[in-house]
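Dear colleague,

Here is the structure I said I would pass on. My notes on it follow below.

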Amino acid sequence: MKVAFATDDGLKVNSHFGQSPMFTVYDVRPGEACFVENRAVPLQIVQDEGSRIEMRISLIEDCTLVFLMQIGASAAARVTSRKMMPVKVPAGSTIEDQIARLLEMLRGKPPMWLSKILKTEEVGD
């Protein structure tokens, strides 16, 4: 599954979904995680909230999870309606640590929310 991280440096999950300048994307599978790319959010002339949210969603629409520090209720509703799961993490969390936690969850018996996502992905393959 592809996983996005809201970041401003490609190393830490340190951005709010609606204000993140980029998303770092990894492909995560049981036992491995591979860097895919950094996806920069294009500068927009139109700065209304709806456009800002849609721009970010379209940038990561192939991702299953999006790790972030914060997300507004409207953005969270839009993200989840696109079959993506927002995951809030504490300020200062590194992408590396979050990947390690995710890999650990995949190694054992994943929590119910993650099991559901994995089953959905299996059906889609």
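Arg 39 is buried, its relative accessible area being 10%. Please keep in mind that this is a predicted model.

The partner of Arg 39 is Asp 62: the two form a salt bridge whose closest N and O atoms are 2.7 Å apart. Asp 62 sits in the loop between H1 and strand S4 (65–68) and Arg 39 in strand S3, so the pair ties together parts that are 23 residues apart in sequence. The structure has seven salt bridges.

Two of the others involve Glu 54, which is partly exposed with a relative accessible area of 29%.

- Glu 54 with Arg 78: the closest N and O atoms are 3.6 Å apart. Arg 78 is partly exposed, at 28%.
- Glu 54 with Arg 82: the N to O distance is 2.6 Å. Arg 82 lies in the loop between H2 and strand S5 (85–88), and the two residues are 28 residues apart. Arg 82 is partly exposed, at 36%.

As for helix H1 itself (residues 49–59), Ile 53, Arg 56, Ile 57 and Leu 59 are buried. Viewed down the axis of H1, these buried residues fall within an arc of 160 degrees, so they line one face of the helix. They pack against strand S2 (22–29), strand S3 (32–40) and helix H2 (73–81).

Regards

Notes
Residues are numbered from 1 along each chain as its sequence is written. This is a predicted model: local features need pLDDT of at least 70, side-chain atom pairs count only at pLDDT 80 or more; totals for chains, interfaces and linings use all residues. Side-chain values use heavy atoms; hydrogens and water are left out. Buried means under 20% relative accessible area, exposed over 50%, partly exposed in between (1.4 Å probe, protein chains only). Helices (H or I, at least four residues) and strands (E, at least two) are DSSP runs, numbered from the N terminus. The arc is that of the directions from the helix axis to the C-beta atoms. Contact means heavy atoms within 4.5 Å. A salt bridge is a side-chain nitrogen of Lys or Arg within 4 Å of a carboxyl oxygen of Asp or Glu.
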